[in-house]
Amino acid sequence: MKTRIETIESFGVIGYKHVGTTAEIPQIWDKLNATLKTDNISVDTFYGVCIDFDREGKLHYLAGIQDLAEASDREKVKIEAGRYIVATVEDGISGIKPTFQALHERSDIQFRFSPNFEKYIYPVGATEDVIEVWMPIE
């Protein structure tokens, strides 16, 4: 697993929020993709933001992009400025959970409380997509 440290400015991600299990997440991505198709929006970077887990163990997750117009059925989440450890995910979508787990197991990193996110990069003309996991660190 390749990792690097990045320092970023804060930015917003607008999309559709899901509260529930990870098994239900594909439905929210389908909703986002349908909106983008209907609105004829083409982007090369998408974000899956892991906002929090509630007391019942349900994941609060948002699938979105940076430049989606705000609407009553959409939410905006702020990605905090600061340092992040970034890991390139191997094996596609199925590699996301093991990548998060591997980063959590590292003893040389002090994490900070803030949403972490998946960054999906689909460059025009590229033969491969890139998935990265971004976790906030001190």
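A residue is called buried when its relative accessible area is under 20%, exposed when the value is over 50%, and partly exposed in between, using a 1.4 Å probe and protein chains only. By this scale Val43 is partly exposed, with a relative accessible area of 30%. Val43 sits in the loop between H1 and E3, where helices (H or I, at least four residues) and strands (E, at least two) are DSSP runs numbered from the N terminus. Val43 and Thr22 are 21 residues apart in sequence, and their C-alpha atoms are 24 Å apart in space.

The model is predicted, with local features needing pLDDT of at least 70 and side-chain atom pairs counting only at pLDDT 80 or more, while totals for chains, interfaces and linings use all residues. Residues are numbered from 1 along each chain as its sequence is written, and side-chain values use heavy atoms, with hydrogens and water left out.

Eight strands form an open sheet in the order E1-E6-E8-E7-E3-E4-E2-E5, with antiparallel pairing; two strands pair if DSSP finds at least two bridges between them. At the edges lie strand E1 (3–8) and strand E5 (75–79), each of which pairs on one side only. On average, neighbouring strands of this sheet are turned by 35 degrees against each other, direction ignored.

Strand E3 (residues 45–53) can be followed to both of its partners. With strand E7 (residues 116–121), E3 pairs in the antiparallel sense over six bridges. Thr45 has Ile121 of E7 as its bridge partner, and Val49 stands opposite Phe117 in E7. E3 and E4 also run antiparallel, joined by six bridges, and here Phe53 has Leu59 of E4 as its bridge partner. The hairpin of E3 and E4 has five residues between the strands, and in this hairpin Gly57 takes a positive phi near 85 degrees.

Axes are lines fitted to C-alpha atoms, for helices over the stretch in contact, and angles run from 0 to 180 degrees between N-to-C directions. Helix H1 (residues 25–38) lies across strand E2 (11–20), E3, strand E4 (59–65) and E7, and runs at about 20 degrees to E4. Helix H2 (residues 96–104) packs on the sheet too, touching E1, E3, strand E6 (82–88), E7 and strand E8 (130–137), and its direction makes about 30 degrees with that of E8.

Which residues of H2 are buried? They are Ile96, Thr99, Phe100 and Leu103. Seen down the axis of H2, these buried residues fall within an arc of 100 degrees, so they line one face of the helix; the arc is that of the directions from the helix axis to the C-beta atoms. An α-helix has 3.6 residues a turn, so residues three or four places apart point the same way. The cover over the buried residues of H2 includes E1, E3, E6, E7 and E8.

The interior can be described through its nonpolar cores, each a set of buried Ala, Val, Leu, Ile, Met, Phe, Trp, Tyr and Cys residues joined through side-chain atoms within 4.5 Å. Of the 26 residues in the largest core, Trp29, Leu32 and Tyr61 touch the most other members. Two or more residues come from each of E2, H1, E3, E4, E6, H2 and E8, and H1 gives the most, with five residues. Leaving aside residues up to four places away in sequence, the contacts of Tyr61 include Tyr16, Ile28, Trp29, Val49, Ile51 and Tyr120. A second, separate core has twelve residues, among them Ile8, Phe11, Val86 and Phe117.

Is Asn116 buried or exposed? Asn116 is buried, with a relative accessible area of 15%. Among the residues it touches, not counting those up to four places away in sequence, are Gly48, Phe100, Trp134 and Pro136.

Finally, two loop residues deserve a mention. Asn40, found in the loop between H1 and E3, has a phi near 55 degrees, a positive value in a residue other than glycine. Asn40 is exposed, with a relative accessible area of 71%. Asp91, placed in the loop between E6 and H2, has a positive phi near 75 degrees and is likewise a residue other than glycine. At 68% relative accessibility, Asp91 counts as exposed.

Notes. Contact means heavy atoms within 4.5 Å.
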